[in-house]
Amino acid sequence: MFIQLRTIVVETGHAEQVAERFGSTGAIDEMPGLIDRTVMVSRKNKESEEVIAMIRWESEEAWKNWEKSPAHIAGHREKRNDAPPSYILSTTVKMYDVKKVIAGSAAGV
């Protein structure tokens, strides 16, 4: 399994619109090898909010296929000249190879 974590820090009050954007259905949902997408919001900081989009793939190869897919490239091409919204303070992306998954007793319920 391969996981991409995208963390977006935004000004307070903007997390929901970012979460909505990353949580809406799109071409990615039809990609072979996609396991699921999870969007999370943290509001622990009074000055900012954090949105994390976790995308789980069956393999790094499946993720690479998405990255070079016409749908993904077209989406970025459309926004190439757009400035990021002013309420976005920072964005980071991290990739992880999953070595082991341990399910709890509530898994599958």
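1. Strands here are DSSP runs of E, at least two residues long, and helices are runs of H or I, at least four residues long, both numbered from the N terminus. By that rule, Q4 lies in strand 1. The model is a predicted one, and the points below should be read with that in mind.

2. Overall architecture. The protein chain contains three helices and four strands. Their order from the N terminus is β-α-β-β-α-α-β. Along the principal axes, the C-alpha atoms fill a box of roughly 40 × 35 × 20 Å. The chain has 109 residues, of which 25% count as buried. Among contacts with a separation of 6 or more, 71% are between residues 24 or more positions apart.

3. Strand 1 and its partners. Which strands pair with strand 1? Strand 3 runs antiparallel to strand 1 and is joined to it by ten bridges; in this pairing F2 stands opposite W57. Strand 4 also pairs with strand 1 in the antiparallel sense, over nine bridges, and there V10 has I88 as its bridge partner. Strand 1 is mostly covered, with seven of its ten residues buried.

4. Is Q4 buried or exposed? The cut-off for burial is a relative accessible area under 20%. Q4 has a relative accessible area of 5%, and therefore counts as buried. Leaving out residues up to four places away in sequence, Q4 touches A53, M54, I55, W63, V93, K94 and M95. Of the elements concerned, strand 3 spans residues 48-57, helix 2 is one of the elements that pack against it, and strand 4 spans residues 88-97.

5. The hairpin. Strand 2 (34-42) is joined to strand 3 by a hairpin of five residues. The two strands pair in the antiparallel sense over eight bridges. Within this pairing, T38 stands opposite M54 in strand 3; M54 is also among the residues that Q4 touches.

6. E49 in strand 3. E49 lies in strand 3 and is buried, with a relative accessible area of 7%. Apart from neighbours within four places in sequence, E49 is in contact with I8, V9, V10, E11, T12, G13, H14, A15, S42 and R43. One of these contacts, T12, is 37 residues from E49 in sequence, yet the two C-alpha atoms are 5.4 Å apart in space.

7. Helix 1. In helix 1 (15-23), the residues A15, V18, A19 and F22 are buried. Seen down the helix axis, these buried residues fall within an arc of 100 degrees, so they line one face of helix 1. An α-helix has 3.6 residues a turn, so residues three or four places apart point the same way. E20 and R21, on the other side of helix 1, are exposed. The buried residues of helix 1 pack against strand 1, strand 2 and strand 3. Q17 also lies in helix 1 and is partly exposed, with a relative accessible area of 41%. Q17 and V51 are 34 residues apart in sequence and 9.9 Å apart in space, C-alpha to C-alpha.

8. Helix 2. Helix 2 covers residues 60-67, and A62, W63 and W66 are buried in it. Down the axis of helix 2, its buried residues fall within an arc of 100 degrees, so they line one face of the helix. Those buried residues pack against strand 1, strand 3, helix 3 (70-79) and strand 4.

9. The largest pocket. The volume of the largest pocket is about 1,000 Å³. It is lined by 32 residues, and those closest to its centre are R6, R21, F22, H76 and K79. Which element supplies the largest share of the lining? Helix 3 does, with five residues. Strand 1, helix 1, strand 2, strand 3, helix 2, helix 3 and strand 4 each supply at least two residues. By class, the lining has 15 nonpolar, ten polar and seven charged residues.

Methods: Residues are numbered from 1 along each chain as its sequence is written. This is a predicted model: local features need pLDDT of at least 70, side-chain atom pairs count only at pLDDT 80 or more; totals for chains, interfaces and linings use all residues. Side-chain values use heavy atoms; hydrogens and water are left out. Buried means under 20% relative accessible area, exposed over 50%, partly exposed in between (1.4 Å probe, protein chains only). The arc is that of the directions from the helix axis to the C-beta atoms. Contact means heavy atoms within 4.5 Å. On a 1 Å grid over the protein atoms alone, a cavity is a set of points where a 1.4 Å probe fits but cannot get out, and a pocket is an open set with protein on both sides within 12 Å along at least five of seven lines; lining residues have an atom within 4 Å of a point. Grid points are joined across faces, edges and corners, and a volume is the space filled by probe spheres set on the points. Ala, Val, Leu, Ile, Met, Phe, Trp, Tyr, Cys and Pro count as nonpolar, Asp, Glu, Lys and Arg as charged, and the others, Gly among them, as polar. Two strands pair if DSSP finds at least two bridges between them.
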